[in-house]
Each structure stands twice: as C-alpha cells, then as structure tokens.
Amino acid sequence: MGNGQEGLIEYITLYFTTGVRWVCMGLAVLILLHQIFALLRMRNPSEIWAYLKCPDASTVPLTHWENLMGRARGCDIILNLSGVSRSHGTLIRDSEGVWEYNDLNSKNGSYINGRKVTEPAVLRAGDTLTVGGGDFQLYPLSARERLEHIEKRKRHTKRTSPWLSMLAITVFQLLTVIQFHISLGDEYPGQLTAAFILICVVMWAYVIALRMLKRTGFEVELIAFFLSTLSLSLTASAYPYAVLKQAICVLLGVMLFFAMCWLLRDLNKAKRLIPIFLGLSVLLLLINLAFGTVAFGSQNWISIGGFTFQPSEIVKIVFIFVGAASLNELQQRRNLLIFMGFSAFCLICLAIMGDFGTAMIFFATFLVISFLRSGDFTKLILVLGAAGLMGLMVLRFKPYVADRFSIWGHVWDDPTDAGFQQVQTMTSIASGGIPGLGAGEGNLSDVAAASTDLVFGMLAEEWGLVIAVLAVLCIITMSVFAYRSIIAGRSTYYCIAACAATSMFMFQTILNVFGSVDLLPLTGVTFPFVSSGGTSMIVSWGMLAFLKAADTRQNASLAVRVHEKDPEKVRASVESVSAVDIYDPEDLYELLGEEYRKPAQKELKAQAKAEAKQIRKAEAKQAKAEAKQMRKEEARQAKTEAKQAKAAEPVPEPTRVSRPAPEPRRAEPERPAFSRKPQAPAKPQAPAATPGVRREEPAHPKAVRYTEVSDEDFFGKFDSPAKSGKPKKDEDGPLTLDDIFGEDGIFTDNRKGGKR
C-alpha cells in the first residue's frame, strides 16, 4: 500500500510539474509580449522649448535642447544666408532652462546685442543674435502654451498598466519556488525562498514608490525584473547556495539604476563627475593588472573579503559616460582626444588580461560612439583595418585564443575535448523542447560556465525554447525602444549614451547566444540580466538608466523631471525662459488660480475637438480628391483602350483607279514676223481614248524667228518726215500703199536685208 501511495504521488507530481511548466511558459509569453507590444506602440512626442524669430519675421520652434545652426543639411536650424558658415554656431539649453550660444569659429562671426561672441554666452529672451548679417531673437513659451503642450503630450503618450504584468511575474516566481521544492526535495536550500521573496518585494516596492512620484512608464524595468527572475532560477540550478547572493546583487543593481536616473536628471552635475569616474576606472584597471586573479583563462577578477567582482564590468558604465558628449563637446578636439585615449587604455588592459570577449564588446561600442560623434564612415574603416591587424597579432602571440577560433565551426569533430561545451549546449537545447524539463531538472548545469557563458542553452533546457527566444527578443525590443527614443531626445548626450548602452546589450547577447551554439567563437561573455554573476547583474541595471534617460514621454522616466515644488521657481519658470521648466500642469494651475483651470481645460477640449474636426474634413477632402482622380484615371484608361482597339482594326487596301491618257499637245501655227500676238484658235475636242491603242504624238512645229518692233518705231513713221527730203504729206489725207510699202516704207525683209 505504501508503494502504491508513493507511485500515486509520483504520478500526480509528474503531471503537476508538467502542467506547471506549460503555465509558466504561458505566463512568460504574457509578461514579455505585453511589455514588448507596449514598447513597440510607444511614441515619444516632440517637445517645444522656445521659439527663434528669424529675419523674415517667421518663427522656428526649438524642439531639442541642443541645436546646430548653419548652412549644412545636417544642421538643426538651416540658415540660407550668404554670410553663414556650414556649421556656424550652437544654441544649447541646459537642464536649468538657461540658453547659451557658442560660435564655432565661423568666418564672419556672431554677435549678441552687438557684441562679438568669443566664448559661450547666455542668450536671454529678447536678445538680438546676429548671424550672417541676419538678426534672430529668442522667445519663451507662455504659460498657456506650456499647458497646451503638456496636455498634447499626455494625449499622445500611450501607457501600459504595470499591475497585470507584476501579478504574472509574482505567480511565475511562486511556481518556480514550488518546482524547486519538488525537484530538489530534501536538498532544497532555505535561502532560495528568501531570494525570490526579496526580488518580489524589491519589484513591488520600486513600482509603488515611483507611482507615488507620479511615474507611469515601467515597461523596461518589468522586462529587467522578469529576466532577473530567470537568472535567479538558473543560479539556483547551478549554484543553489549562491542564489541569495544573486538576489542581493539584483537589489544593488536596482539601487544603482535609481541613483543613476537621479544623477542624469541634471546633466551639468553628471558631466562634472565624469573626471572622477574616469580616474577611478583607470585605478581599478591598474589594480586588476597588478593584483587580479586568473579565472576561466583571463585575469579579470579581484577578490576583497570573500567578495569577487570584475572591474572590467564596472568600467562599461564609465566608458559610456566618457564616450557620450553634448553638442558643444562634440566640436572640441580635447574631448575627442580624451575619449580616444581612454578607449585605447581600456582595450590594451583587457588584451593584457586575456579578456578578449569584453575587449570585443568595448571595441564594438567604441565604433558606435565614434560614428555617432562624427558621422564619418571613412574613419571607421581605418579603425577597423587597424583593429584587424591587432587581432592578427593577438592570434600570433596568444595561442589559446587561436585555439578557440580553430574549433569554431568544427565542435562536432572533437565533442569530448575542445568542442565539449558547445556540443553539450546544443544537445541540451534539443532535449528541452518547447516547455523545457523544469526548474532544476536540466543536465547542462553540471558543465563549467553553464549559467554564465552557456546560459542560453541552460535556459532553453529547463524553461523551453520559447522562453529562451523571448529573452533574446526582450533585448532586441530594448534596442528598438532606445532607437525610437533618441528621435525626440533632448540632448545629444542622452542619445549617444542610450545607443552605446544598447550596443553593449546587443553585442553581449549576440556573442553569448551565437557562441554557445557554435555560430560564433565562444568568447566567454555574459547574457545581460540572465547570466549568473553579481557584477554583471549590477552593471546591467546601471546601463539600463541610460535608456530611461532618453525616454521623454510625459511622466514615464525618473531621469526626467516632472515638476518643481517651490512656488518661486514655478513663478520664475512661467515668467522667464531662463529658469526651471515645468512639466506638470497642476503646478501652473495652482499658480494661476482656480479661475484659470476651467477656461483653460474648456479651451483645450475645444481645441482638441476642432483639431479632430479639421482632421475629418481633411480626410474627406482627400477621399473626394482621390475619387475624382480615380474617375479621371478610369476615363483616361477607357479612352486609351478605345484608341488601342481602333488601331487594332484591319485597314482596307485602297482601290486603284485607271486615269485616262493625257491629251496630246496641239501644234501651234507659225507666227508672222511682226510682233503682234495672234489670237489663239479654239482647242478642238480630244478624241476618245481607245483602250489598248497607242496614239502617236504629233511632232512639235518649227520655231519662227521674228523681230519685235516697239510702238514708237511702228507709229513714229507716221509722224516724222521722210528721210529723202520730200515734203511732208498731209496728215489728214488718205493713207496709200506707197506710204506703207514704198521706198521709205517701214517694213523690210529681214532675211535678205531688202525692202518690200
């Protein structure tokens, strides 16, 4: 009976754990897809901080804190003036609301109220900025405009409630603890329950505290909390007695995230701390070179009082701090040289330590930051060429690194030695299937570095391929979130920092996942938020602050100020452009009085209604125009088809008509020798043409030669006296033949020269 009860219990346990695995997979899909879709639907509405009045009386809204002015296409404010340089100057606002103009060594210079600008100068409301012969003026937003912009941002900002996902994460954590109770049995450590309770309390306390601070955006943090929960479960499978330590590191990471978000609220203070961070990072790397211990083939560990950490992981945050720069700093050669020198120092130290995986991540991030700072691909090509030569030298003088590359793509040729880790990882992924084997039931945990470098295989074996792929998809979604946030970013510093942090997340994930399945060489880097390791967990949460600093949604980020409690600052922000800005309309309502609240809200509602009506009208007009255009296209098409059909019809051959033969030309009669033109005789009728009979053409008559006589010669004979000296005859008498044909007659025979 006892054996039967034990068998029944085992049978029930088997079905219960199988059902729990499918439920956990469903919860993971719900949690991750909920946050992923929320981030993909996210829109960062643009902000307007002031207006710049141009010489042609037009106004340009300033939608960023940092604006580059010049003739180049890449400038934020393009000035089509002949005296303006390609990059003439910068107009920059700090976190306190003060605007400064700086001339970038332009050819014709810049002037504020007639004074030439030789260093960054404060530009107040109403000041005249002369650039390229044109006068510009800066104007602040009125209180009503600020309220309107805030209300628009609230309408356009889509938020997702965090409570459903938090409840699902809590249930997932509870089911994970139950699975470990079943799988470990008597070996279940008590600290495992304490670890999951700690991370659950930290998650709820964080969200509730920020909700009290009027914060609403928690998508990125909830993804990080869920991935951290997976990290605890994998750590419990590989190192059951280190799971509480991992939970404490999650707590420290959340604290670092909170502190960095608070620090990034004031960019001026954050940049003042960069030299201190830079010095500490250099010191840590030097200490690591001198006193570091070797583990897993690289000297990148320091042990202090039983606590072991990796300085190279901490330097990642400082590397982003130093690499990011504001628009003014991008124009300074000194800032660029500092970043280049610090990057070279970090890469050399990592190469000496033998941590080439981290060195590759630093180098990839360096390329991203360099391109964002310069926008020049040619320089990147040169850097890549130099890096390739250095890589060949490393392979030449570091044989064990070459061994890792030699086994790449051939792990199945040596599955028990050089390719053992990758072969075991791929086998475990195949054995896990869709739902996985369950928490603590995997076999890959016995392999070295299973929960760090090979964590993707361990995650797929115990929790299923679906959850493993979703974990990778979460990192990709963070990258998309960062990319869409920088479009409306306030400062170039926040944009570069967010892109750099995202690049580190992406390259770490690619090297970890592809290296474990032999698509890339196994370099020994961690999966952000998932791999075991306290330093990696803390640094991952710290880098998450750079992504939140770029989130400009209304009340969505702790790194963005919401409002000021001091009424004097509130009043100053309304009256002057160079004071602290306001983001919460409640403070302005309190300042302006209750009598302004209802009219303002009514006006905003009416404005929203008018905008909606205008949009509907525009859509109807566009639809009408499209219908009209479509009818025109149809008529034109029908006409074209008719022409084509008509052209396709066969053309009948023309009928040949025989023409009658032309009439023969009649010979003209011989003309007399005198000049008078005889009358043409009537043309005789042409005889009818007989078909088939050829008529003979008459011969042409011979030409008659004649001499023309003018009228004067002809009639002069009758007027002039005779040459013989005879007396002139009576003119009134009759004309005789002798008068005409006599000796002195006027006609002669031209052929013989005689007289007739």
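## Ground rules

Patches, as the word is used here, are made of residues with over 30% relative accessible area and no salt bridge, where like charges are joined within 9 Å and nonpolar side chains (Val, Leu, Ile, Met, Phe, Trp, Tyr) within 5 Å. Accessible areas come from the Shrake-Rupley method with a 1.4 Å probe, and for residues only the protein chains shown count as cover.

The model is predicted: local features need pLDDT of at least 70, side-chain atom pairs count only at pLDDT 80 or more, and totals for chains, interfaces and linings use all residues. Residues are numbered from 1 along each chain as its sequence is written, and side-chain values use heavy atoms, with hydrogens and water left out.

## The chain as a whole

Let us start with the overview. The protein chain holds 24 helices and 14 strands, where helices (H or I, at least four residues) and strands (E, at least two) are DSSP runs numbered from the N terminus. Of its 756 residues, 43% count as buried; buried means under 20% relative accessible area, exposed over 50%, and partly exposed in between (1.4 Å probe, protein chains only).

The accessible surface of the protein chain comes to about 41800 Å², and carbon and sulfur atoms account for 60% of that. Among contacts between residues at least 6 apart in sequence, 68% join residues at least 24 apart, a contact being heavy atoms within 4.5 Å.

## Hairpin and sheet

Strand 1 (residues 50-53) pairs with strand 2 (residues 59-62) in the antiparallel sense, over 4 bridges; two strands pair if DSSP finds at least two bridges between them. Tyrosine 51 faces proline 61 of strand 2 across this pairing. The hairpin has 5 residues between its strands, and alanine 57 takes a positive phi near 75 degrees there.

Next comes an open sheet of 5 strands with mixed pairing, in the order 4-3-5-6-9. Its edge strands, strand 4 (77-78) and strand 9 (121-122), each pair on one side only. Within the sheet, strand 5 (residues 89-93) and strand 6 (residues 99-103) run antiparallel and are joined by 5 bridges, with leucine 91 opposite tyrosine 101 of strand 6. In a regular strand the side chains alternate between the two faces of the sheet.

## A nonpolar surface patch

Leu273, Ile276, Leu280, Leu283, Ile287 and Phe291 make a nonpolar surface patch of about 560 Å². Leucine 273 sits in the loop between helix 7 (267-272) and helix 8 (274-291). The relative accessibility of leucine 273 is 30%, so this residue counts as partly exposed.

## Salt bridges

How many salt bridges does a search of the whole structure find? The search finds 4, taking a salt bridge as a side-chain nitrogen of Lys or Arg within 4 Å of a carboxyl oxygen of Asp or Glu. Side chains of opposite charge can pair when their charged atoms come close. One of the salt bridges links aspartate 266 and lysine 269 (4.0 Å, N to O). Aspartate 266 counts as buried because its relative accessibility is 7%, whereas lysine 269, with a relative accessible area of 47%, is partly exposed.

Lysine 316 and glutamate 313 also meet in a salt bridge (3.1 Å, N to O). Both lie in helix 9 (residues 311-323), 3 residues apart, about one turn of the helix, and both are buried. Arginine 636 forms a salt bridge with glutamate 633, the closest N and O atoms being 3.1 Å apart. These two are 3 residues apart in helix 22 (residues 594-648), so about one helical turn separates them. Arginine 636 is partly exposed at 45% relative accessibility, and glutamate 633 is partly exposed at 39%.

Glutamine 179 belongs to helix 3 (residues 163-184) and counts as buried because its relative accessibility is 5%. Leaving aside neighbours within four places in sequence, glutamine 179 is in contact with Val20, Arg21, Cys24, Gly438, Ala439 and Trp463. A polar atom of the glutamine 179 side chain lies 3.3 Å from the backbone nitrogen of alanine 439.

Asparagine 512, in helix 18 (residues 492-516), is buried, with a relative accessible area of 1%. Not counting residues up to four places away in sequence, asparagine 512 touches several residues, including Thr452, Asp453, Phe456 and Phe527. Its side chain has a polar atom 3.1 Å from the backbone oxygen of aspartate 453.

How values were computed:
Polar contact = N/O pair within 3.5 Å; in protein donor to acceptor, adjacent residues only side chain to side chain.
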